[in-house]
Amino acid sequence: MELLKQRILKDGKVIGDDILKVDSFLNHQIDPALLYEMALELKRLFGGEGVNKIFTIEASGIALACMAGYVFSCPLVFAKKSRSRNISDDVYSAEVESFTHGKVYDIIVAREFLRPEDRVLLIDDFLANGSAMNALIDIVHQAGAEVVGAGIVIEKAFQPGGERIRGQGIRVESLARIASMSEETGVVFCD
């Protein structure tokens with residue numbers, strides 16, 4: 001998606017050779033107009049798949065997932081990283097190793113929000129090693145529902161996550177795929 005690539009080049013900041021800060025428009029301060037355009041692109045890509053549920057992980061994927069839910073006219077469900085007192089014990093859970101935060105945690109979703117009849121589109125802001133996507137896939141499978149695909153804002157194609165998820169037969173559509181990046185060379189996109 002050219003609009004996103006241009007925004008990454010303009011406002012993204014590379015730290016080292018594996019961190020891309022996009023917090024000025026995607027995951028700290030958010031550009032709603034850009035989110036809307038990305039959601040429309042995901043609708044173009046997955047509109048024929050009968051999506052009736054959008055699913056992401058707390059927190060950075062929620063903004064795009066919410067906008068995607070709006071354009072797909074379906075609910076957004078997000079996996080929580082911590083249990084609150086108002087969530088019953090009747091949950092699906094999976095373990096996630098966070099690349100960004102460098103820690104392992106369990107995510108949970110109340111069983112009432114994912115059903116066997118659901119056709120689920122996974123959404124996340126980044127795809128790096130694939131741990132978050134694998135956890136979401138695991139939970140969808142626990143529910144007996146179907147993963148129709150994964151919509152990713154930015155895929156670090158030089159890391160193994162995309163290959164791992166595609167290797168499971170899941171359609172992954174990334175709006176921007178990064179071939180390499182460094183503080184010296186900046187971001188180099190695939191294609």
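Predicted model: local features only at pLDDT ≥ 70, side-chain atom pairs only at ≥ 80, totals over all residues.
Local features here need pLDDT of at least 70, side-chain atom pairs count only at pLDDT 80 or more, and totals for chains, interfaces and linings use all residues. Residues are numbered from 1 along each chain as its sequence is written, and side-chain values use heavy atoms, with hydrogens and water left out.

Reader: Why is S174 called buried?

Author: Buried means under 20% relative accessible area, exposed over 50%, and partly exposed in between (1.4 Å probe, protein chains only). S174 has a relative accessibility of 16%, so S174 counts as buried.

Reader: Why is R119 called partly exposed?

Author: The relative accessible area of R119 is 26%.

Reader: What makes the pairing of the R119 and E146 side chains a polar contact?

Author: A polar contact is a pair of N or O atoms within 3.5 Å; within protein, one must be able to donate a hydrogen and the other to accept it, and residues adjacent in sequence count only if both atoms are side-chain atoms. The two side chains make such a contact at 2.8 Å. The side chains of S174 and E155 also make one, at 2.7 Å.

Reader: Which residues of helix 1 and helix 2 meet?

Author: L3, L4 and R7 in helix 1 meet L34, E37 and M38 in helix 2, where contact means heavy atoms within 4.5 Å. The residues of this contact divide into four nonpolar (Ala, Val, Leu, Ile, Met, Phe, Trp, Tyr, Cys and Pro), no polar (the others, Gly among them) and two charged (Asp, Glu, Lys and Arg). Helices are DSSP runs of H or I with at least four residues, numbered from the N terminus.

Notes
Helix = DSSP H or I, 4+ residues; strand = E, 2+ residues; numbered from the N terminus.
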